Amino acid sequence: MDLANFVKICSSPTNLLLATIFGQTVIMGLAWGFIGGILYTRVLALPDHIVHLIVEYPTVLTLIVTLISTTLSNITSFFFTFAIKEALRHYLSGRSIPLLKLRMAIALSIPTWVGPRSRRYLELSALTLAFYAMATFLSASWSTLLLPTLVQWPVAMSGTELDLGSVAFVNQLSTDLNAQEANTLQAPAFQTIDVLTLLSGIAAVDNQGGVQTSSMFSFNGVSYNQSTGGVLPAIEEYSGSSNPPGSAVGLEFSGGRVPVNTNPDWPNRCDTGTRGISQNYTVTQQGVTADVSCQPIDRSQNSFTLNSTQTQIGQNITFIASDAIANCSGNTNAQPYFTVNSQYNVGIEGFLPVVVCPNPNLMTSDLYKFDIFMSGLGDYSFLPTTVCEVVPYLTTVNVTYNGGIISVDRIDASTSSPDFPLLPYIATVMAYQATTNQAMTTNPIGNFLTAYGANNISVMYSELEDYWRGIAEFASTQLRSGYSALGVPSDMTRSTNGTMYIMTYGWRSKAYTYILLLVVITVIWGATVLAAGFSLIQEKIHASDPSFDFSDPIQLAIVAYRGGYESRIQGDEKKGVYISEDTTVRFEGEGDNKRLVTVI
């Protein structure tokens, strides 16, 4: 078979129509498959290397998508117009038709649209408008479909963390706290985190002097928004210090790397490790907090006394040894303090004794709360004798990891119970902090209250409640870190779950938008297949002349001339236009004898 015969066979009307159906079906199948994949996965993300190219060369993306969408639009339009033109060619062959209908047939094959000249042809005019609108909208449809945009891709995460309420942990903590060397082990850690404990309380105060504030608190290389919430980082890049903690774990922990056991559950293996442009996370974890309520002392149930002994050193310095003694519903505890009263001091000079009651070392298992007694003296005398009731408990929190900062939002609170294992430890941390805060002539908490609440007792109480709550949460985080530093035994773990949100380029499921695009593409495919199928049937019945293109104005003028067509416009111009467009015409003959004649 020579080339000429091969080209002749391939370009036969039947083969061209079959190729049109096949090509249009393939394109529609690709569109359906692509949209189906997006709707199934909800988010279809591009690989990271392509995303980085898009970020670096954003205009190139627009150019490439425009070229691809224009090409697909032109191919789809070509198949569509070719099928319509072939169907109309067979339909018009030897058939009488009003001139206005011929005009509309030509409009369908271009495509363009024809406005209604009378109500009789309103439906046909609407048909031309509909096909014109779809063909015009086709390029925009492909561009909308193919152009990747910034999307936030949610990926589920799961893992485990230390369960502070597990029986195994409770037993281990009880054993460690009751050991003879417990205080010795804790001393270096307490000295290291001394300042951090103070800062954790102050950072947790979100209303300073009646003004809403937002503070940051850092521990072990991790930045928290206001307070730790009693949680550990569950995301590797937020885990903080990479230095090994060595043997300083458990009660001795003061800093070092804490392993993370949370991983994404990738929907597909090929997506593993996708980073996109940026990531943020939300993980549901176990936290610890405390309900703190501060109010003036009720001396019918409690008492707070201060026994002091003064020693004169020279003429201007007085050394004062004090014992602050608290009695809380029959339980007592005392805290020694040493201060100096000197005429050489400049600025604030005050004494703020604080006592935790009952004694943390004597707390029994039936306790679920403890009290903090405090009273301001000297420049802190604006604070009356106050009792802050502290009720710590486990809680479920949503932890957000974004921009290098961890934010904790409580979503559920467990009921406080006498078995809460961290109660003595939190009380010990607060008692230690109360002692170290008081210097010889000043106290940082007293200074803080002087600056931000001395004139309003309710504001001071609110600040103290946040302060002690922040310390309770930090103490829990510090303890959780110590018992997680070398890995958590399986009998001490609980499951965590969350979501990683990847900001990247791709396609997100937009059901209504994609349904509209599919309607346009599917209607054009349907019209193409119906028109081509009609032509194939007609081709078998009676083959028509494929060389004549009725939409070509030159060929149309030639066949009109051959047919001796003359205008029948007479009389009134308006009336004449109607008569002329209502005139029935017919194509007759084949090849060079093709002509347009008027049917009378």
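Mentor: Isoleucine 524 sits in helix H13 (residues 511–541). Helices (H or I, at least four residues) and strands (E, at least two) are DSSP runs, numbered from the N terminus. The model is predicted: local features need pLDDT of at least 70, side-chain atom pairs count only at pLDDT 80 or more, and totals for chains, interfaces and linings use all residues. Residues are numbered from 1 along each chain as its sequence is written, and side-chain values use heavy atoms, without hydrogens and water.

Isoleucine 524 is buried, at 2% relative accessibility. Buried means under 20% relative accessible area, exposed over 50%, partly exposed in between (1.4 Å probe, protein chains only). Phenylalanine 131 is 393 residues away from isoleucine 524 in sequence. In space, the two C-alpha atoms are 8.3 Å apart.

Next, the charged pairs. Side chains of opposite charge can pair when their charged atoms come close. The rule for a salt bridge is a side-chain nitrogen of Lys or Arg within 4 Å of a carboxyl oxygen of Asp or Glu. By this rule there are 6 salt bridges.

Start with arginine 494 and glutamate 161. Their side chains form a salt bridge, with N and O 2.8 Å apart. Arginine 494 belongs to strand E19 (residues 493–508) and glutamate 161 to strand E3 (residues 149–162), so the pair ties together parts 333 residues apart in sequence. Arginine 494 is partly exposed, at 24% relative accessible area. Glutamate 161 is buried, at 10%.

Now lysine 369 and glutamate 389. Their closest N and O atoms are 2.7 Å apart in a salt bridge. Lysine 369 is in the loop between strand E14 (354–357) and strand E15 (370–374), and glutamate 389 is in strand E17 (residues 386–402), so this pair ties together parts 20 residues apart in sequence. Lysine 369 has a relative accessible area of 29% and is partly exposed. Glutamate 389 is partly exposed too, at 29%.

A cis peptide bond links cysteine 357 to proline 358, with omega about 0°.

Move to helix H12. Arginine 469 and aspartate 466 make a salt bridge at 3.3 Å, N to O. They are 3 residues apart in H12, so about one helical turn separates them. An α-helix has 3.6 residues a turn, so residues three or four places apart point the same way. Arginine 469 and aspartate 466 are both buried. Through shared partners, salt bridges join Asp466, Arg469 and Glu473 into one network.

Serine 476 is in helix H12 as well. Its relative accessibility is 0%, so serine 476 counts as buried. A polar atom of the serine 476 side chain lies 2.9 Å from the backbone oxygen of alanine 472. That is a polar contact (N or O atoms within 3.5 Å, one able to donate a hydrogen and the other to accept it; residues adjacent in sequence count only through side-chain atoms on both sides).

Helix H2 (residues 13–41) comes next. H2 has 29 residues. From first C-alpha to last, H2 reaches 42 Å, close to the 42 Å expected at 1.5 Å a residue. The expected span is 1.5 Å times one less than the number of residues. Buried residues in H2 include Leu17, Ile21, Ile27, Met28, Ile35 and Ile38. Thr20, Gly23, Gln24 and Ala31 are also among them. Arginine 42 follows H2, and its phi is positive, near 70°.

Two other residues have positive phi. Glutamine 226 has phi near 75°, a positive value in a residue other than glycine. Its place is the loop between E7 and strand E8 (262–264). Glutamine 226 is buried, at 18% relative accessibility. Serine 329 has phi near 55°, also positive and also not a glycine. Serine 329 lies in the loop between strand E11 (317–328) and strand E12 (331–342). At 58% relative accessibility, serine 329 is exposed.
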